[in-house]
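Please keep the sequence and the model in view.

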Amino acid sequence: MATMLAPRDTPTRERKALNGLWRFALDAADDGRVQGWWRQRLPGSREVPVPSSYNDLFPEADVHDHVGDAWYQTVVRVPERWRGERIVLRFDAATHRAVVWIDETKVLEHEGGYTPFEADVTDLVEPGGEIRVTAVVDNILSWQSIPPGYVEETPDGRRQRYFHDFFNYAGLHRTVWLYTTPGPYIADVTVVTELNGSIGTVRYEVETSGGDGANMLVTLRDAEEKEVAHATGAPGELTVEDVHPWRPGEGYLYELTVELRGPGDATVDVYSLPIGIRTVRVDGARFLINGDPFYFKGFGKHEDSAVRGKGHDDAFMVHDFALMDWLGANSFRTSHYPYAEEVLEYADRQGIVVIGEVAAVGLNAQLGEVLGGVSFTTFSEETVNSATHEVHSQAIRELIARDTNHPCVVLWSIANEPESWTPESRAYFEPLVAETRRLDPTRPVAFANFMAATPDRDVISDLFDVLMLNRYHGWYAQTGDLAAAERSLEQELRAWVDKHGKPIVFTEYGADAVAGAHALPPGPWTEEYQTDVLAMFHRVFDRIDAVVGEQIWNFADFATAPGIMRVDGNKKGVFTRDRRPKAAAHMLRRRWRRLQ
Ligand code: GCB
């Protein structure tokens, strides 16, 4: 399987982050591609930070609500010592699509806002000299993008409409790199692990480019850097006696080092990556990690913070994980798109379990009416069609290629709340599930099920391994009546258990609460009511064995498109957007840390 190896410093490789302030120009009139803006200094004097969304950096609405191209440009000096190396330009993400030039030459084109892309640019750079890197980043969502949307032409300009409930932040959200590899290099490493009593097995595949006749040495070291196994050649298998597994709550990692050796055993290329030895399996209605039943406690999250929007930020990452730990959470879902790879690397080390989700959110006409204000048929020639299917498929391929070696990821989510009650939806998802399994036979596959897709209507859940349910009893239904909500939730849940007998993870449940709003008796939007809704769900979960997880919607308040259902964004966070606890956080801490 093709992987997408993260850039790393190794004895044979060096990387250089191009983060910082880049020149920036919005291009609402679509002039740049016609006029060839990559050939010159971008017009205007704006600069923006990379990584960050651009939307919230300036007070103007035309920046915040920009639709179309945004141009980024920087000048970088390529180290003289890189002479003779292969040089790669890599973007960890550009939301939602980009074209990149080095000086006058187009080097990259990529669709999809949340996965990396790169190109060998050796022939275009002169070590010691400077290059101009220009990227045009287009934020338009269409029926053929993942996620989908459409653009409305109005007398006041373009307006982007979409069918998901988070703001359409755009820009260079993650690190941009220049990095080196030797000429012949290690291109791909895929690892699959197994456990058998105290013996761990690491099966690996490696692909190299060039270096014919070279041989390969693969070494595994434990966390104390002691060698525990080695092998030559690929594919291969390493056996680890007295294995120390990766497990939830303890991110024990080994380091796998692949060394490519040429004539006379001279080192050609070295690539190392952290790996965790663990297994994942679904058994009846149980979700097993290392053979032990696992119960997910955590959140659906967002990459979202004030000012930087979806720009990756290590400070927020560390703080969010610390808050999750304070609560006793053990997991989260990367709702509704692949997060920065730094987040997965950190989860690997922290022993936090991750449900990895592709950006397929909003493939649902019913939600479209609520959020996009438009009536359409979900699956049709004019809407979600075969071209969309291919983009969706590619998004899954890129997600798995980037994340397959992360032990924290235990489950793939290939869509959030799609239409799942029509023959068209089954025809759409059947091949996607098959493709996901082909790419990764080791992890279970699921999708997050929409409230209206009740067990009697749903026609696709039998294709999947785990039922992930998003439910809002007591909020969008039975608003304000938790007794009725509890009854109807339990009834529905029992119907799922009877129909499928699969493990059920609640991937969303919750209620909006405006921090500081209080009432007795509790009413919607208050902190008390949010707490009561969560407690109601928990009573039901505790009565049903097939429920193997609870991930609240949401970890923190987040930005959305404007709407009368939202108060300055979505307020279902148990933390505010600046990560202050609401009453629900204290209740969760008592439950998850068993303090009551
Ligand atoms: C959902 C969606 C999520 C929304 C949430 C809500 O079902 O999956 O993206 O933000 O509901 O708060 O309405």
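Helices (H or I, at least four residues) and strands (E, at least two) are DSSP runs, numbered from the N terminus. The model is predicted, so local features need pLDDT of at least 70 and side-chain atom pairs pLDDT 80 or more, while totals for chains, interfaces and linings use all residues. Residues are numbered from 1 along each chain as its sequence is written, and side-chain values use heavy atoms, without hydrogens and water.

Pro-7 lies in the segment before β1 (15-17). Its relative accessibility is 5%, so Pro-7 counts as buried (under 20% relative accessible area; exposed is over 50%, partly exposed in between; 1.4 Å probe, protein chains only). Leaving out residues up to four places away in sequence, Pro-7 touches Arg-15, Arg-90, Trp-177 and Tyr-179 (contact means heavy atoms within 4.5 Å). Trp-177 is 170 residues apart from Pro-7 along the chain, yet their C-alpha atoms are separated by 7.9 Å.

Further on, eight strands close into a parallel barrel in the order β23-β24-β25-β26-β27-β28-β29-β30 (strands pair if DSSP finds at least two bridges between them). Within it, β27 (445-449) and β28 (467-470) pair over two bridges, and Asn-449 stands opposite Leu-469 in β28.

Helix α10 (583-592) has buried residues Ala-584, Ala-585, Met-587, Leu-588, Arg-591 and Trp-592. They fall within an arc of 160° seen down the axis, so they line one face of α10 (the arc is that of the directions from the helix axis to the C-beta atoms). Their cover includes β23 (296-300), α3 (314-327), α9 (527-541) and β30 (547-553).
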